[in-house]
Amino acid sequence: MPPVVDTAIIFTANMVELAAFYQKAFELDDPAEQDRHRGFQLDGLYLGIDQTDDQDQASSSVALWFRVDDLERTFARMVGLGCEVRYGPTDTPWGDRLAAVFDPDGN
């Protein structure tokens, strides 16, 4: 069996705010909570948000791609949450429809 990615962790200096952003942006259930961790079980992937005080560890170098049922609605909700837009809903030559925003940490 080939390897499967089953967990993604974002390290941030703003754990509570970033977890709330993802919860609202994707209308997720309340996160699993620990002292310096919030996490969401998505379909086949656990998305964790971990608090760190190390600025080198909390870099803005994560790119996450989510497949959603209604791109325009999700995109509008994220813009309403204050996301900086990289590009709006766009049809690609290979048949996908994509949009890109930056989360509050710049990811």
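## Reading a predicted fold and one of its arginines

Modeller: Let's begin with the surface: this protein has about 7200 Å² of accessible surface, and carbon and sulfur atoms account for 49% of that. Keep in mind that we are looking at a predicted model.

Biologist: Happy to. How many helices and strands does the protein have?

Modeller: Two helices and six strands.

Biologist: Which share of the contacts joins residues at least 24 apart?

Modeller: Taking contacts between residues at least 6 apart in sequence, 52% link residues at least 24 apart.

Biologist: Now a single residue. Is Arg77 buried or exposed?

Modeller: Arg77 sits in helix α2, which covers residues 71–80. Its relative accessible area is 19%, and the cut-off for buried is under 20%, so Arg77 counts as buried.

Biologist: Which residues does Arg77 touch, leaving aside its neighbours within four places in sequence?

Modeller: Lys24, Ala25, Phe26 and Glu27. With Lys24 there is also a polar pairing to look at: a polar atom of the Arg77 side chain lies 3.3 Å from the backbone oxygen of Lys24.

Biologist: Last one: how far apart are the mean positions of the positive and negative charges?

Modeller: They are 5 Å apart, for 8 positive and 20 negative charges.

Note on methods: Residues numbered from 1 in each chain as written. Predicted model: local features only at pLDDT ≥ 70, side-chain atom pairs only at ≥ 80, totals over all residues. Heavy atoms only, no water. Helix = DSSP H or I, 4+ residues; strand = E, 2+ residues; numbered from the N terminus. Buried < 20%, exposed > 50% of the residue type's maximum accessible area, 1.4 Å probe, protein only. Polar contact = N/O pair within 3.5 Å; in protein donor to acceptor, adjacent residues only side chain to side chain. Contact = heavy atoms within 4.5 Å. Areas by Shrake-Rupley, 256 points an atom, 1.4 Å probe, with all protein chains shown as cover. Lys, Arg positive; Asp, Glu negative; His and termini not counted. Charge placed at Lys NZ, Arg CZ, Asp CG, Glu CD.
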